Amino acid sequence: MGKLIIDNLCKHFGDVKAVDNVSITVEDGEFLTLLGPSGCGKSTTLFAVAGLDRPTSGRILVDDVVFYDGGQQAMMPPEKRNCGLVFQSYALWPHMTVRDNLAFPLEIRKIGKSEQQKRITDALGLVEMENYQGRYPHELSGGQQQRVALARTLVYEPRLMLLDEPLSNLDAKLRIRARRWLKELQGRLGLTTIYVTHDQIEALTLSDRIAVMEGGKLVQLGTPEEIYSRPVSPFVADFIGASNFIDGFAGDDDGDTVNITLAEDVSIRAKARPGVKKGEAVRVAVRPENIRLVNGSGVPGGSNALTASIRDRDYLGARFQYILDVCGTELRMEAEQNLEGSQVDISFTPEDCIAFPA
Amino acid sequence: MQNAAVSDEQPFGAAFSRARLIQYSVAVVALVLVAAPLVPIMYQAVLDKPIYDGQAILTLDNFSRLFSNPKFYEAFKNSVVLSAVTTVIAGIIGVSTAVFIGRTNIPGKKFFGEVVLWPMYVSHLVLAFGWFMMYGPSGYVTLLVEGWIGGKPWDLYTMAGMAVVAGAAQAPLVHLFCASSVARADASLEDAARTVGAGPFTVLRRVTVPLLRPAITYSAMLNFIGCLEMLSVPLILGTPVGKDFFTTFLYTQGYSGSNPDYGLIGAAACFLLVMISILIYLQTKLLKKAGRFVTVKGKATRPKIFDLGRYRWAVSITLAIYFGLTLFVTVGGLGLRAFTTFLTPLLAPWELLTFDNFALIFEYDAYQRSITNSLLVAGIGAAVAVAFVSLITVIIHRSGFRFRRALEYVALYPRAVPGIVAGIGFFWGMLLFPFMGPLHGTIWILILAFTMRTIPTAFGAISPALMQLSQDLDQSSRTVGADWWTTQRKIILPLLRPALFGAYVLLFLSFLKEYASAAFLFAPGSEIIGTTMLQFWVNGDSGPVAALAVIQIILTITFVVFARKLLGVKAYG
Ligand SMILES: Nc1ncnc2c1ncn2[C@@H]1O[C@H](COP(=O)(O)OP(=O)(O)OP(=O)(O)O)[C@@H](O)[C@H]1O
Ligand SMILES: [Mg+2]
């Protein structure tokens, strides 16, 4: 009931390629997140699916229904698409009560009064807002407005649910609660969902798959684990999990890992991404959370071991963040101990190091 | 962020969506409405015979006759001089009232703040009659002063006299623009001047007023144009001594006997149109530039109130005298005249008390009808106009309509069409276009003409409110399944209700005031207060003129109070 195909979608604003040849297939009932930095074209993609924005070219299909086809200049207007879009601003109509906000889409679908009331109560029940039917939007808190906005899209059982940073106006605590609740609800209703965010934690916890975008292009599409552990580019590695980067030169490849020379007499082993060639410059990504302190029990077998000097430390409450210096490159690391001295021994496994062609 | 508006095109098959149908219809109606008076004028300007004459052929002769007509040059010169002097007078008065009422501690400033805008509610025709009856050559005050000093104290039938009348009538506009600018002025600039040793008057003169320059420039342009197209003051105070102006030239040519010179009128109207169009174009250019050196910041610093010390009473008394002489005496004089057989300082007014003037009006159907027609035109016409312009506005700002930029030009163009030109144009339109014929003699032709003239006003009143509504509100409505028209009807227009009420009040008042475009359009059965007043005045019956003026003022006050109480709308300011 909702398989979405986005095929070579482009949207240009004059010279700006807001969306550049993006192709994504979202399976029925899947939760897909569009992730990327501000201005990378997430909203534009979402709005193109909703029909609020006319793409420049490409195709958008849902279950073989053509939403947009650049070749045939066919464009279905938004009201015919039966999508549910939750705006970042919620866009609740201020002159209507909560009930009227939900009734509006039902009136358009010519649904009888008693059925309307039943559906409205059900939808508000899903978001635990059934006691607020008579309130106006400005009489609700941010989190409550967000839930009503969601109920307004659920009430008419849309084909697709499209969410544009729906949690960004909430405070940190409420965000975590809303995240869990959203995930649970989506799983229960089985709605095909596209979720837009620039928050990597949201993306990792909520999604079946994540589509990472950069400058209008789709750079990686995969499950959260794939994206996290096998990023295709330094950009993705940095965007998900704020990696450290160390520059070096590729050496011998043993089929599994490759030797990387960082400086004279200093080398590590790392997983190589396609394109890494022997003797050429590479960029190695290591996540701060994968760097361990070497303690009394020594370095685990096969791990990379390095000696670093401590440049700076920040107290974060439960832990310390250290800024280290390894062969002139800055590395971030977190540890619980308040380390003495200016030198420290660290280690990380080759599996946690990814080498990209520089 | 996204496109200016959600597109409303129809996919697959369906050739014409409801949205497009509405958009094209509204745009076509707007175009026809604005072109209806303009096309006949331009056409007549190049015809050798009246527009209804099938034998007429194209010629440029009208223009050569116009430009070789000494009366036209005289009218041109007079209009430009009067407008220039009026603009200066209105500017001085308006800036002074804005600064003194807005920024100093003079006693009674709240009262003055209300009174200063009152002339905006009254038609210039009524104001001109008031001046004529009090300060005219045989006016009550004139004769009174003449008795004291034994000679003619002043002559209102001069350029200076007319400029004072027109200046007092147009000063509130300057006040309105400057007052809002004054209220948002950056207090630190003035504080800086105080610390370097300037006294309050010096600061006002050297810092506060110069900072108003953009507001002054803009309102001066508006007033210059407004005065060029003004009919009332030149007609009431200029024609008695044979002074001709643009508008009176058109008016008297149009009414000259049984055989008006159509070609000449067409050419003159055309000339006036072109001239004002150029001025409006320059004004728009100027305004764009002005924006660059506006010093007002978004920062909400509350401007300080200047302490004028012992001068505060002097300023306050000056203002009181000004409002007393220009407003209370003139309007009070109209009231006095309405209830007396005639007005002379030689006899006490209560010895001449009468209700005959009102009785006359309520005795004759035609006079009575002019009052009910005025109310109908204002009540219904303003509603129709607001409904129509609200559609224009949502199409311009909230649709994917292909020609919405062009529609905006069309909607704003009537600023360049003087009332009298619109009147002549619609009149000829009824002669030229068969489909307009049936409107002759009905109030609908008046409503059409007034609507056309006020599209820019209504658009200006509704637009800002619409632009403040987030696009998300329409877009969310579209995604939940409402088409463009349902979205406008159920979401956008209801949210605009306060602005629509505001526009209605503004339009009601201007429809009630309007007379210039009606002068050529009314016929027995469709007379309005303004046209009936003009007729009485032509016959020299100033009693009924005053009575009608009083009735118009009472209607205005009633409506303004009603609007404030029930709709919560303040018309100006
Ligand atoms: N109407 C427009 N005209 C011109 N450029 C636009 C328009 N709308 C968006 N853009 C540009 O297209 C690019 C993508 O915009 P988009 O709104 O999709 O970003 P986003 O990924 O949603 O960012 P954010 O996380 O900040 O919401 C941006 O560079 C933006 O400047
Ligand atoms: Mg966005």
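This is a predicted model: local features need pLDDT of at least 70, side-chain atom pairs count only at pLDDT 80 or more; totals for chains, interfaces and linings use all residues.
Author: Residues are numbered from 1 along each chain as its sequence is written, and chains are lettered from A. Local features need pLDDT of at least 70 and side-chain atom pairs count only at pLDDT 80 or more, while totals for chains use all residues, and side-chain values use heavy atoms, with hydrogens and water left out.

Reader: Why is Glu27(A) called partly exposed?

Author: Buried means under 20% relative accessible area, exposed means over 50%, and partly exposed lies in between (1.4 Å probe, protein chains only). Glu27(A) has a relative accessible area of 39%, and is therefore called partly exposed. Its place is in the loop between strand E2 (16–26) and strand E3 (31–35) of chain A.

Reader: What makes Asp69(A) a residue without a salt bridge?

Author: A salt bridge needs a side-chain nitrogen of Lys or Arg within 4 Å of a carboxyl oxygen of Asp or Glu. For Asp69(A), which is buried, the nearest side chain of opposite charge is Arg59(A), 4.6 Å away, and no salt bridge is present. Asp69(A) belongs to strand E5 (residues 65–69) of chain A.

Reader: Which residues does Asp69(A) touch, not counting those up to four places away in sequence?

Author: With contact meaning heavy atoms within 4.5 Å, Asp69(A) touches Gly58(A), Arg59(A) and Ala74(A).

Reader: How much of chain A counts as buried?

Author: Of its 358 residues, 52% count as buried.

Terms used. Helices (H or I, at least four residues) and strands (E, at least two) are DSSP runs, numbered from the N terminus. Lys and Arg count as positive and Asp and Glu as negative; His and the chain ends are not counted.
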